[in-house]
Each structure stands twice: as structure tokens, then as C-alpha cells.
Amino acid sequence: MENLLLLLDGFQVVFTLQNVLVTLLGAVLGLIVGAMPGVGSLAGVALLLPLTYRFNPTTAIIMLGALYYSNMYGGSFSAILLNIPGDTPAVMTALDGYPMAMKRKRPGQALFTSNISSFVGGLIGMLILTFMGPALADLGLKFGPAEMTALLLVAMTSIGWLVGKNPTKGVVLTLVGILIATMGMDTLTGSPRYNFGNMYLLGGIPFTPFVIGSVGFAQVLKLVSEKNNKVEPHLEEKLTIKGSLLTRHELRRLLPPALRSGFLGTFVGVLPGAGATTGSFLGYALQKSFKSEEELGTGAIEGVAACEAANNAAAAGSFAPLLALGIPGSGTGAVLLGGLMMWGLNPGPLLFSTQPDFCWGLISSLFLANLLTLMIALLIIPFLIKILTVPIKLMIPAITVICIVGAYSTSNSMYGVLVMFVSGVLGFVLDRNGYSTAPMLLSFVLAPLLESNMRKAFIISRGSIGIFFEKPISLVLMLILFAIILTPIVRGVVTKIQGSRG
Amino acid sequence: MDTKKSFGVRTLIPILTAVVGIVFLLLGLTQYGFWHELRGPLPGFFPTLVGIVLVIISALALFQSFRDPARPVPMENWLPAVGALGIILGTLVFGMLFSIIAFLIIWIRYYEKYSWKTTITTTLILVAIVVGVFMFWLQVPFPKGLILDAFAY
């Protein structure tokens with residue numbers, strides 16, 4: 001009950017004209033950028049990050065939250081109409097969304113199903129976040145430096161394993177991200193380190209240009225290979241809102257999978273390193289064990305509803321560990337966390353008690369963003385084809401310019417542009433060779449927290465590693481960490497043995 | 001896709017990350033300090049540990065890289081980087097706005113061979129976004145370049 005009152009307080013923060021307009025702007029921009037094939041939510045949020053500089057911290061974060069959340073809606077549009085997922089969580093949406101649009105000739109209904117399910121899933125995620133966020137923060141208050149170190153190691157390692165096909169490459173970039181973050185000033189003593197005599201490096205590598213480069217500009221270089229791909233949906237009729245409406249029977253078919261996936265997705269989102277993509281996969285897998293009126297994979301409403309509800313619920317659920325423990329569930333979450341830190345906010349167990357206005361304002365703004373995004377997502381259905389068919393040939397110079405101007409605007413100096421350029425080129429080369437940059441972003445953001453907790457733990461224990469195994473919470477977390485590290489190794493050995501036998 | 005198993009960028013990446021690890025651990029040990037008997041871990045402590053793990057994992061990635069297929073990057077993929085570099089260098093002389101306009105026109109009209117109508121429309125829309133959002137709304141003072149600066153004084 002207390003949480004609901006705090007949520008109402010949060011709505012008082014949100015319902016100012018500026019904050020409502022900013023949520024609306026974030027929802028529109030996030031939706032459009034998320035819908036554009038080839039851009040995706042990570043690059044979308046990174047490119048739009050400089051836009052928040054104009055506002056006070058609360059308004060800026062509200063806009064970031066709306067951007068992040070509406071991006072999740074947008075990713076499914078290109079998956080349904082073009083069979084090109086706008087981001088990875090939308091991969092599963094394409095399995096039923098595209099056949100529903102093309103084989104069953106019901107593109108409008110597929111979009112409508114996706115939007116309504118996203119709303120339902122997101123709403124469930126936000127309601128659970130309202131109760132779970134503070135509870136998780138209370139649990140987090142019991143965490144000392146050793147527990148936090150173990151938790152951060154689990155978060156970093158799990159995303160290293162999950163992103164990309166090769167866990168070794170994920171871990172390499174996780175470690176590189178940590179080392180990049182150590183450049184500049186020592187977090188505890190404030191003394192300069194690893195600046196190689198360079199004045200600019202004293203302040204470390206600036207977050208926004210680094211993210212814009214390694215995600216946004218790297219994506220531009222990648223897009224060149226796709227610029228001749230035809231992205232034209234073959235629709236027989238124009239998309240209209242009226243023609244996209246679902247019947248009452250279809251709404252009844254949509255609700256059970258959306259509700260189930262909403263709960264499942266939220267809990268997946270809360271897990272460190274899991275996030276919307278895993279949520280979407282599991283939501284679809286769960287639906288397979290239930291009866292669907294049409295077979296999954298042939299354009300079933302249940303298939304679209306299950307994965308869309310799950311990925312939006314996971315996106316909402318991931319705010320719980322992000323706010324309460326300072327741990328993001330994905331690369332996009334890491335950008336969001338970086339944005340929070342840029343504004344001087346330190347997500348963690350104390351955030352709910354020290355800055356309740358901010359916390360509850362942000363959570364309330366997610367409810368508003370969910371509603372506004374649903375309305376906009378339904379209203380733009382007739383214009384979607386135009387948005388989705390912006391030629392990649394024109395997007396390449398446009399995004400290049402946005403990357404340069406955005407990177408410059410962060411510090412009003414060409415140093416930011418240079419950081420963006422170098423990290424973009426490196427990000428592209430790494431991506432081309434199977435190294436996903438998401439673990440690097442996550443570790444770059446989390447490294448200062450990990451370092452300060454680890455050093456504090458060693459100061460307390462006077463250098464004994466035993467501190468990580470003494471208390472139950474840290475012991476359990478360390479066991480999880482070892483399980484994460486050993487699983488691929490054991491799996492590899494078992495596969496080899498089976499291969500040699502068979 | 002070229003699947004030749006030869007030395008290439010995929011092999012170079014783990015070598016470079018191992019070098020980064022070695023640099024960080026050496027500087028950590030020699031310049032910033034690892035451990036103090038009374039004060040505990042010093043500024044070089046954490047990067048040194050991470051550097052050691054990075055060297056080990058990079059060695060593992062290096063062995064795995066020989067099995068990876070080579071994925072050469074077509075020259076065309078580097079053109080946006082050349083364009084961005086052009087804007088960066090052009091900014092120093094002609095200013096950022098002029099360099100951006102020149103880049104957009106060259107790219108859209110002469111590289112992608114769009115009509116003048118599309119070129120001008122797209123350039124105008126993008127310049128309006130840059131000027132409206134960044135110059136007026138966010139009040140970013142774009143660099144004017146050596147030439148305009150010379151006229152200003």
C-alpha cells in the first residue's frame with residue numbers, strides 16, 4: 001500500500017507540462033528510431049542520449065526512460081512488416097508476426113496484437129516493479145562490499161556469456177571495457193592513472209561519445225553492407241487504423257499468452273544479464289506448451305502476443321535491478337545506467353530512500369510512457385510503411401552526421417568527436433570479427449562500482465579472498481559465478497566426448 | 001565469405017587485447033602500486049588483476065581465432081569513416097556546419113547518385129535538425145573553423 005502512495009507521489013512529479021511533453025517526445029522518437037530497420041534500440045538510445053542535456057536530471061531521466069521503453073515497441077514493426085527485426089528481442093516476433101502479415105494478409109492485426117500485448121506485458125512489469133523495486137533495494141541494503149563485488153561479477157560474466165556465440169570473446173571485451181573505465185582518475189584516491197600524459201585522458205573516456213561511437217557509428221559502417229537490400233513490404237492494401245482492429249474473439253485469444261508472458265518476462269528481466277531478448281525467447285517457448293488456436297510459426301496471434309508481452313515486461317522488470325542494485329540487464333540498460341550516472345545519480349540500494357522523488361518519478365513516467373507509446377504506436381500504423389522504407393542509402397549519411405554532432409555536443413569539443421570516431425571504427429572491426437560490444441559497454445559502466453567494492457572488501461579482509469565466501473549471500477553469488485564460468489567449459493568437454501564416441 | 005585459415009584481423013584482435021592487458025598490468029605494478037601493507041589495495045591493484053585475466057583469456061581467444069573464418073571488410077564499408085574524417089578535418093578549416101553540408105551533398109548526390117531534388121531536400125531536413133535541435137535548442141556552439149574565425153577578428 002505504501003508503495004502505491006509513493007507511486008502516486010511519483011505521478012505528481014511526472015504530471016508537469018514539461019515532463020509530460022518530454023515523455024511524449026521520448027515515446028515518439030524512441031518508437032520511430034526503434035522501428036527503423038538496422039538501427040535498433042541500443043544504437044537508438046545512444047544516438048538520442050545528447051537530447052537529454054537540455055533538461056534537469058529528473059526530466060532528462062524521464063525522457064531516457066521513455067526512449068528506452070518505446071524502443072521496445074518499435075523493434076517489432078519491421079519484424080512484422082519486413083521480416084527484419086528492429087532489435088534482437090523482436091527476432092521471435094518475426095516468427096509469427098511476418099506470416100500473419102504476409103500469408104494471412106493481416107498486417108494491421110499483427111501490429112495491433114503486438115502493440116496491445118506490449119502494453120499488457122509492460123503494465124504487468126511496471127506493477128511488479130512498483131512492489132519489487134523497493135523490496136530489492138531493501139535486500140540490497142544487506143549487501144556489503146563483498147556481496148556487491150560478487151553480484152557485479154555475476155552480472156558482468158552472465159552478459160559476457162549471453163551476448164554473442166563465443167563466450168570467450170564476450171569475456172575479452174568485458175575485461176577491455178573495465179580497463180578503459182579505469183583510465184583517468186582512481187575512484188578511491190582521486191589520483192591520476194593511465195592517462196599516458198594526456199590532458200584529455202585525465203577525465204577518462206567520456207561515456208556518451210564512447211557509446212555513440214561503439215554502437216551508433218559502428219552500426220553506420222555495418223549498414224553499408226546492407227544499403228542495397230530492398231526493404232519494401234508487399235502489402236495488398238493500405239494500412240489503416242480501422243482495418244487493423246481486432247475482434248473481441250481475437251482479443252480473448254491475445255490476453256492469456258500476454259498475461260502469462262507478462263509475469264514470466266518480468267522475472268526474466270529482473271535477472272542480471274538476461275533482459276528483453278531472453279524474455280522474448282522464453283515467452284515464446286512457454287506459449288509452445290499451451291494450446292494456440294492456430295499453429296505457432298504460421299501467423300498465430302498467440303505467438304506474437306507471447307513474445308511481445310514478454311520482451312516489454314522484461315524491459316520494465318529490468319528497471320528493478322537497475323534502480324535498486326545499479327545492475328543493468330542488457331547493453332541498452334547499460335546506456336541507460338550510464339545516462340543516470342551522467343546526471344549524478346548513483347543507482348543502488350540507497351537510491352529509493354535518498355532520492356524517492358526521482359525513483360518514483362521515473363517509475364510513474366514508465367506507466368505514462370507505456371500508455372502514450374501505445375496510443376502513438378496505434379496512431380502511426382498508417383504511416384509505418386513510410387518510416388520503415390526510409391532508404392538505408394540516406395540513413396548512412398544522416399546517422400553519420402548525428403553521431404558527429406551528438407558527440408561534439410557532449411563536451412563542446414572535438415575530443416568527443418575523436419573518441420566517437422575511434423570507438424566507432426574499433427566497434428565495427430570487433431563486431432565484424434564476432435566480438436559483440438554490448439558486454440564492453442556494460443563493464444565500462446559497472447567497472448567503477450566493481451573496483452570500489454572490491455578494494456573495500458580487500459581492505460576489510462586485509463587481503464584475504466575468504467571474505468567472498470564467508471557470508472551466505474556472497475557465497476551463493478560466488479557459486480553462481482563459478483557455475484556461469486564452468487557451464488560452457490563442461491558443455492564443450494561433454495560435446496567432445498560424445499563426438500569421439502559417436 | 002573467405003574461409004581461409006590465415007593470419008588476419010581476427011588473430012590480431014586477441015594479440016592486441018593481450019598487449020593492452022600487459023600494458024595495464026605493467027603500469028599498475030610499476031607506476032601506480034599494487035598493495036600497501038597498511039592502506040591495502042593501491043590504484044594499480046584492480047587494473048593489474050584485470051590485466052592478468054585479460055592476458056590469459058586473450059591467449060585462449062587467440063587459439064580459438066585460428067579456427068574462425070576470415071571475414072574481410074569490403075573497402076566500401078570504410079567510406080562513412082572517410083567521410084567522418086573529412087568532416088573532422090574540414091571542421092578545423094571551414095567549420096562544422098559547412099563541412100556537414102559539403103559531406104551530405106557529396107555523399108547523396110555524387111556517391112549515391114540521387115537527384116538534386118532528393119539531395120537538397122535531405123540536406124535541408126538534416127541541417128534543419130542539426131541547427132534547430134543542437135544550435136538553438138541545446139545551444140551548442142559549433143566550431144566556425146580557421147577561415148570564419150579569421151574574419152571574426
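## Helix α2 of chain A

In α2(A), the buried residues are A:Asn19, A:Val22, A:Thr23, A:Gly26, A:Ala27, A:Leu29, A:Gly30, A:Leu31, A:Ile32, A:Val33, A:Gly34 and A:Ala35. A residue is buried if 20 or more other C-beta atoms lie within 10 Å of its own, exposed if 12 or fewer, and partly exposed in between; C-beta atoms are placed from the backbone. This is a predicted model: local features need pLDDT of at least 70, side-chain atom pairs count only at pLDDT 80 or more, and totals for chains, interfaces and linings use all residues. Residues are numbered from 1 along each chain as its sequence is written, while chains are lettered from A and ligands numbered from 1 in the order in which they are written.

Helix α2 covers residues 17–35, 19 residues in total. From first C-alpha to last it reaches 27 Å, close to the 27 Å expected at 1.5 Å a residue. The expected span is 1.5 Å times one less than the number of residues. Helices (H or I, at least four residues) and strands (E, at least two) are DSSP runs, numbered from the N terminus. The buried residues of α2(A) pack against α1 (2–14), α3 (40–48), α4 (57–82), α17 (356–379) and α18 (384–388) of chain A. Contact requires C-beta atoms, placed from the backbone, to lie within 7 Å.

## Helices α5 and α13

Helix α5 (residues 91–102) and helix α13 (residues 301–317) of chain A have axes that come within 8 Å and cross at roughly 145 degrees. Axes are lines fitted to C-alpha atoms, for helices over the stretch in contact, and angles run from 0 to 180 degrees between N-to-C directions. The crossing of α5(A) and α13(A) is left-handed: the near helix is turned anticlockwise from the far one by less than a right angle.

On the α5(A) side, A:Met92, A:Thr93, A:Leu95, A:Asp96, A:Gly97 and A:Met100 take part. They meet A:Gly303, A:Val304, A:Cys307 and A:Glu308 in α13(A). The contact holds 5 nonpolar, 3 polar and 2 charged residues. Ala, Val, Leu, Ile, Met, Phe, Trp, Tyr, Cys and Pro count as nonpolar, Asp, Glu, Lys and Arg as charged, and the others, Gly among them, as polar.

## Loop residues of chain A

A:Gly299 sits in the loop between α12 (275–288) and α13. A:Gly299 counts as buried because 23 other C-beta atoms lie within 10 Å. A:Gly97 is 202 residues away from A:Gly299 in sequence, yet 5.9 Å away in space, C-alpha to C-alpha. Leaving out residues up to four places away in sequence, A:Gly299 touches A:Asp96, A:Pro99, A:Met100, A:Lys103, A:Arg104 and A:Glu294.

Most residues other than glycine have a negative phi. A:Lys105 has a positive phi of about 55 degrees. A:Lys105 lies in the loop between α5 and α6 (107–141) and is partly exposed, with 13 C-beta neighbours inside 10 Å. A:Phe196 also has a positive phi, of about 50 degrees. A:Phe196 belongs to the loop between β2 (192–193) and α9 and is exposed, with 8 other C-beta atoms within 10 Å.

## Chain B and the interface

Chain B divides into domain 1 (9–65) and domain 2 (76–152). Their C-alpha centres lie 41 Å apart. Domain bounds come from an automatic or database domain assignment.

Between the chains, 50 residues of chain A are in contact with 55 residues of chain B. On the chain A side, the elements giving two or more residues are α8 (167–182), α9 (207–223), α19 (392–411), α20 (414–432) and α21 (438–461). α19(A) gives the most, with 11 residues. The chain A side divides into 30 nonpolar, 12 polar and 8 charged residues.

How values were computed
Contact = placed C-beta atoms within 7 Å.
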